[in-house]
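Welcome! Let's take a friendly walk through this structure, one piece at a time.

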Protein chains: 2
Amino acid sequence: MQNQTKISPPTEELLIRASDVKRASIKLAQSSNDNRQKALSAMADSLYARADQIVAANEKDLQRSEEAGLSQALLSRLKLTKDKLNTSIEGVRQVAFLPDPIGLRQLHRELDKDLILERITVPLGVLGVIFESRPDAVMQIASLAVRSGNGAILKGGSEANLTNKAIVKALQEGLNVSTIPSNSLCLLTTREESLSLLLLDKFVDLIIPRGSNELVRFVQDNTRIPVLGHADGVCHLYVDSDVDLTQALDIMIDSKCQYPAACNAIETLLLHKDIASSFLELALPVLRKEGVKILGDKTSQALGVRCAVEESDWSTEYLDLKLSVKVVSSALEAMEHIRLYGSRHTDAIATKNDDIARQFMLSVDSSGVYHNCSTRFADGFRYGFGAEVGISTQTLPPRGPVGLEGLVTYRYFLKGEGHIAADYSSGMRSFSHKNLN
Amino acid sequence: MQNQTKISPPTEELLIRASDVKRASIKLAQSSNDNRQKALSAMADSLYARADQIVAANEKDLQRSEEAGLSQALLSRLKLTKDKLNTSIEGVRQVAFLPDPIGLRQLHRELDKDLILERITVPLGVLGVIFESRPDAVMQIASLAVRSGNGAILKGGSEANLTNKAIVKALQEGLNVSTIPSNSLCLLTTREESLSLLLLDKFVDLIIPRGSNELVRFVQDNTRIPVLGHADGVCHLYVDSDVDLTQALDIMIDSKCQYPAACNAIETLLLHKDIASSFLELALPVLRKEGVKILGDKTSQALGVRCAVEESDWSTEYLDLKLSVKVVSSALEAMEHIRLYGSRHTDAIATKNDDIARQFMLSVDSSGVYHNCSTRFADGFRYGFGAEVGISTQTLPPRGPVGLEGLVTYRYFLKGEGHIAADYSSGMRSFSHKNLN
């Protein structure tokens, strides 16, 4: 998707489909926890029953994509073996056991006698999900949507069209034997439709783009619907002067090398000048052995880094075995660098000095700020959320790794017995504002 | 502000000022509850000491605006008497006693031994506040910003320029004798600056427009910064067939007439066909006595409403003594009407039937859904929040009346002792995910 792409207005047919999902979502929102759990179980059973057809559809997608010259990396993401499918089906069953995110009472207050205010979590409505390649994402996101009482309009990559159709057909068949309307889920298959989806702000309450940074940025730039996601993950590790060098080295290697394509891997290493030399002496051989390309500022080049970093590197997410290195004269300079070039994702400090750590934690405004541990922990599963809808780098909540709570909002319910505001303005009655249990 | 307005890029000078506020806000964010409370007290003292200058500045603004032909309504909003000023100063002192919204631990979890995750509320950063006329809003919003640890860039109406300058000068003098940096607050005075403010997404984390629907819509349409506010408040009251007519009448009169210029006043009355005739028989004389202009659909016209409603009325916020009336054949039709024409602000049902009420509460997706009480209760003070930053009609939180919690976000803090992700991927270690107290 390019920024120059023209977005045409939604077709009549798309509007009808979106409005059907919206209508179904209103019924879904009112369904009980038990009924949503049963629906997930039926969805999993149906996927299991349709497994052969799904795998066969995937083989056709693979063949077509191979002929079209899709890269080996993309082909391997597209491939859905029986084993992978079974793992996904297991995932659908597990989502049923996540705690119900809706119907939670966040506030319960008597405003006055018999005038009771409640704030209760409710589903958002309809999710618009755009993802690239991986057909397992369809099952995951569809199950999270149903769990949280939301309808979903799904758009996968065209190379996975047959697989996605077979999966969504199975999911809808599952819903058909449950109390949840089957058109709570709908699959878009053309590129035009997925673009028009961005304009459906009357029907879609949240867009979740799952894919490349370019996809996310394109979506953010082209819709008025709130977007859950992040375009960049430019994460930093700052190694302070008062530090356990071996521990810092372990953290650095894990943060960079354990899975460099992840958004929570670091791109930049900031070194306090007092330990820069001794740290690099330890680190450079290990990084080189791991195959990491290292780019440094002048000072770190003088300490053994061979390639020069360019200004644009500081704000680049490599998603690769590549690391930029800068020597700073203080923790303050490190924090200033993070403020200038970071993406408010996850940034870490390695230090034995608790005061410096505290200052770092309080002034670095990223969704995750870590002390003496790897940035790779920034993940919904690792945080114990049971699921991850996405990682958000916006300032407003929800930010950071977002679990099911990112798919709900709340409503204020006020129940009275004929209460009117005039009685409080006139002073005839007054508010008690008493919190109830 | 018109939609055709050209927004010029921020000047160098504005960028410097905004960056100063951002820098100050980082220090402010780290200040203790006690220091923020003392700062508010110093701000109030300083306003008190400068009261004569502020009132004198306001008199000059009034004179200039009167000569320029400002309407009587706007002049009265602009006017800041000594009494009004004292009330505002009292308000600043009261904000100091609101519970501290920052530093609240929302989550405290051991991921593994010595690997502790915390989610703690932190200030958003810098607020951009644009308001029209009322100079008392400057004091209110500045005190809410400081209370919640946020810097603020303020832009008031040009007719109040001298007053606002005198107020902000006093507020900064107050901050000067506190530990909070005085450039946490900054006042913009030209129209160009207030437009450029919308482009400062590097420095401003939330825009709060306080003024007409046109202002809010313009701001929403012209910035990538999140906006807290609402363009429309098209609220409804549905009177069901199974109803206490006298109670419903009281609720209707209060919802429409108690303060018709408020966003939480109703614009449309939906009547079940079975009670339409008897309800209108009671209601029409009262509404006419209150001076309400009534517009009805065909059925309600046959029942005594004299003027015809037009399609566009259903989605118009009158903010005036004007009411549109529709007769519906069921609660379902009422809910459908609200879904089509409502603005997701506040909608109420009057009924003795708890099942119908429950269905209404669950399927009307407005931030406030009320049963047997006036829509006029949708207000931060009436909800017991102690302050109201704004009312939001977006779906995502914060929605509805928003108190101080709308000015904070959270950060995840993770503290380890050299923990790395590879140990968990390899199975060498495993997560405990144990919630701590």
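This is a predicted model: local features need pLDDT of at least 70, side-chain atom pairs count only at pLDDT 80 or more; totals for chains, interfaces and linings use all residues.

## A pairing across the two chains

Start with one pair of residues: Cys373(A) has His419(B), in β16(B), as its bridge partner.

## Where the chains touch

How many residues of chain B are in contact with chain A? There are 54, and they contact 54 residues of chain A. Several elements of chain B each supply at least two residues to this side, among them α1 (12–29), α10 (245–257) and α14 (354–363). The largest share comes from β16(B), which gives eleven residues. Sorted by class, the side of chain B that touches chain A holds 25 nonpolar, 18 polar and eleven charged residues.

## How the two copies are related

In general, a rotation about an axis and a shift along it relate two copies of a chain. Here, chain B is superposed on chain A by a rotation of 180° with 0.0 Å of shift along the axis, at an RMSD of 0.0 Å. The two copies are therefore related as by a two-fold rotation axis.

Which residue of chain B comes closest to the rotation axis? That is Pro397(B), whose C-alpha lies 3.9 Å from the axis. Because 100% of the interface residues of chain B are also interface residues in chain A, the copies meet through the same surface.

## Strands within chain A

Now look inside chain A. Strand β1 (residues 105–112) and strand β2 (residues 115–123) of chain A run antiparallel and are joined by six bridges. Across this pairing, Leu107(A) stands opposite Arg119(A) of β2(A). The hairpin they form has two residues between the strands, and Asp114(A) takes a positive phi near 65° in the hairpin.

β2(A) also pairs with strand β16 (residues 408–419) of chain A, in the antiparallel sense and over eight bridges. In that pairing, Pro123(A) has Val408(A) as its bridge partner.

## A covered helix in chain B

Is helix α6(B) mostly covered or uncovered? It is mostly covered, with twelve of its twelve residues buried. Asp136(B), Met139(B) and Arg147(B) are among the buried ones.

You can check the length of α6 (residues 136–147) of chain B too: at 1.5 Å a residue, its twelve residues should span 16 Å, and the end C-alpha atoms are 17 Å apart, which agrees. After α6(B) comes Gly149(B), with a positive phi near 75°.

How values were computed:
Residues are numbered from 1 along each chain as its sequence is written. Chains are lettered from A and ligands numbered from 1 in the order in which they are written. Two residues are in contact if their C-beta atoms, placed from the backbone, lie within 7 Å. Helices (H or I, at least four residues) and strands (E, at least two) are DSSP runs, numbered from the N terminus. Ala, Val, Leu, Ile, Met, Phe, Trp, Tyr, Cys and Pro count as nonpolar, Asp, Glu, Lys and Arg as charged, and the others, Gly among them, as polar. Two strands pair if DSSP finds at least two bridges between them. The expected span of a helix is 1.5 Å times one less than its number of residues. A residue is buried if 20 or more other C-beta atoms lie within 10 Å of its own, exposed if 12 or fewer, and partly exposed in between; C-beta atoms are placed from the backbone. Copies are superposed by least squares on the C-alpha atoms of residues with pLDDT of at least 70 in both.
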